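Biologist: I would like to go through this model term by term. For each label, please give me the value and the cut-off behind it.

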Amino acid sequence: MHALHKLLLFQVLASLGQNADGSRIIKGAIAPDDTYEFLVSLQKNEKHMCGGFLISEDFVLTAAHCSAEEPDRVVVGTHDLSKVGEENVRIIEKRYKHRSYYQVDQGNDIMLLKLKKKVAGNNKQIIALPPSNMHIQENKTCHVAGWGFIKTGGGVVDRLMMVDVSVINLNACSKLWGRIPSDVICAGGYGSHKGFCQGDSGGPLVCDGIAVGVVSFNNNRICDYPNYPNVYTEISKYLGWINSIIN
């Protein structure tokens, strides 16, 4: 079967309430409380669906395919989804899915969420975006985090998990997949048994404190023993689109 036929949208299949039990998310670990303060949980009916991250006081960047579940709120300011108060909840006022998005294997898997109420906090709750000419070197160690599955076929977790991943050469990534969109970064997965899983969609790939990618897709929901690299939407290619909306 052609590799593209194995692509599958990230859709959370399990409800909240399944704890990590000390497990490691695809060779990862529990994120310290003073990290990833910009990360948010996209929710529908108070259940985690996808990740996202604050790029301003009232805008969240995430993946376009997360719109399929029609999230109605985000949870901010906590790593533990079992401990959510009113102060952590922001209602989504409007969704801006990229106009050219169709499905993940076609690219443009990026979306902005306008929050009804601003998030007032410290600067660590907003992550910087890359310059338009930023180039991520092969084998660069970056990071990804989320509340997604900790193993293939598992369930989402309450505690935020994080993992280091290495950037993979784009030509090599394309050969492994057969074909990939031109607007992506590949990191983790292939050959490492480390990376993201269902429920982590929309979260950031962070390199040197900058959000450079958005979690997009992996191979056929296989997370802990992947044969293909994990794929992220490359943010630097969408700066004009982002600025046209948030400004």
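Biologist: Why is E46 called exposed?
Modeller: The model is a predicted one. In it, E46 has a relative accessibility of 56%. The label exposed needs a value over 50%, so E46 counts as exposed.

Biologist: Where is E46 found?
Modeller: E46 sits in the loop between β2 and β3. N45 has its place in the loop between β2 (39-44) and β3 (47-54).

Biologist: Why does N45 count as exposed?
Modeller: The relative accessibility of N45 is 60%. The cut-off is over 50%, so N45 counts as exposed.

Biologist: What makes the phi of N45 worth a remark?
Modeller: N45 is not a glycine, yet its phi is positive, at about 55 degrees. Most residues other than glycine have a negative phi. E46 also has a positive phi, of about 65 degrees, and is not a glycine.

Biologist: Why is K114 called buried?
Modeller: Its relative accessible area is 19%. Buried means under 20%, so K114 is buried. K114 is found in strand β7.

Biologist: Which residues is K114 in contact with, leaving aside its neighbours within four places in sequence?
Modeller: They are D58, F59, I91, I92, E93, K94 and Y96. A contact here is a pair of heavy atoms within 4.5 Å.

Biologist: Is D58 buried or exposed?
Modeller: D58 has a relative accessible area of 14%. That is under 20%, so D58 is buried. D58 lies in the loop between β3 and β4 (59-62). Apart from neighbours within four places in sequence, D58 is in contact with L113, K114, L115 and K118.

Biologist: What makes L61 a buried residue?
Modeller: L61 has a relative accessible area of 0%. The limit for buried is under 20%, so L61 is buried. L61 lies in strand β4.

Biologist: Which residues does L61 touch, not counting those up to four places away in sequence?
Modeller: Among them are F53, I110, L112, V214, I235 and I242. L61 and G51 are ten residues apart in sequence, and their C-alpha atoms are 9.1 Å apart in space.

Biologist: Which residues touch the most other members of the largest nonpolar core?
Modeller: Y36, L42, F53, L61, V74, I235 and I242 do, in a core of 51 residues. Strand β7 (residues 111-115) gives the most to this core, with four residues.

Biologist: How do you know that this core lies between domain 1 and domain 2?
Modeller: Domain 1 (39-126 + 239-244) and domain 2 (127-236) both give residues to the core, so it lies between them. In soluble globular proteins, nonpolar side chains tend to be buried together.

Biologist: What does V74 touch, not counting residues up to four places away in sequence?
Modeller: V74 touches V40, S41, L42, N88, V89, R90, I92, L113 and L115. There is also a second, separate core of 14 residues, which includes V165, V167, V212 and Y232.

Biologist: Which residues lie nearest the centre of the largest pocket?
Modeller: H135, I136, L170, V184 and I185 do, out of 14 lining residues. About 240 Å³ of space lies in this pocket.

Biologist: Which strand gives the most to the lining of the largest pocket?
Modeller: β10 does, with three residues. β9 (161-168) and β10 (184-187) each supply at least two. The lining divides into eight nonpolar, three polar and three charged residues.

Biologist: Why does H135 count as exposed?
Modeller: H135 has a relative accessibility of 65%. The cut-off is over 50%, so H135 counts as exposed. H135 lies in the loop between β7 and β8 (141-146). H135 and V212 are 77 residues apart in sequence and 9.5 Å apart in space, C-alpha to C-alpha.

Biologist: How many helices and strands does the protein have?
Modeller: The secondary structure comes to two helices and 13 strands. Buried residues make up 55% of the 247 residues. Of the contacts with a separation of 6 or more, 72% are between residues 24 or more positions apart.

Definitions and conventions:
Residues numbered from 1 in each chain as written. Predicted model: local features only at pLDDT ≥ 70, side-chain atom pairs only at ≥ 80, totals over all residues. Heavy atoms only, no water. Buried < 20%, exposed > 50% of the residue type's maximum accessible area, 1.4 Å probe, protein only. Core = buried A, V, L, I, M, F, W, Y, C linked by side-chain atoms within 4.5 Å. Domains from an automatic or database assignment. 1 Å grid on protein atoms, 1.4 Å probe; cavity = no way out; pocket = protein on both sides within 12 Å on 5 of 7 lines; lining within 4 Å. Points joined across faces, edges and corners; volume = space filled by probe spheres on them. Nonpolar A, V, L, I, M, F, W, Y, C, P; charged D, E, K, R; others polar.
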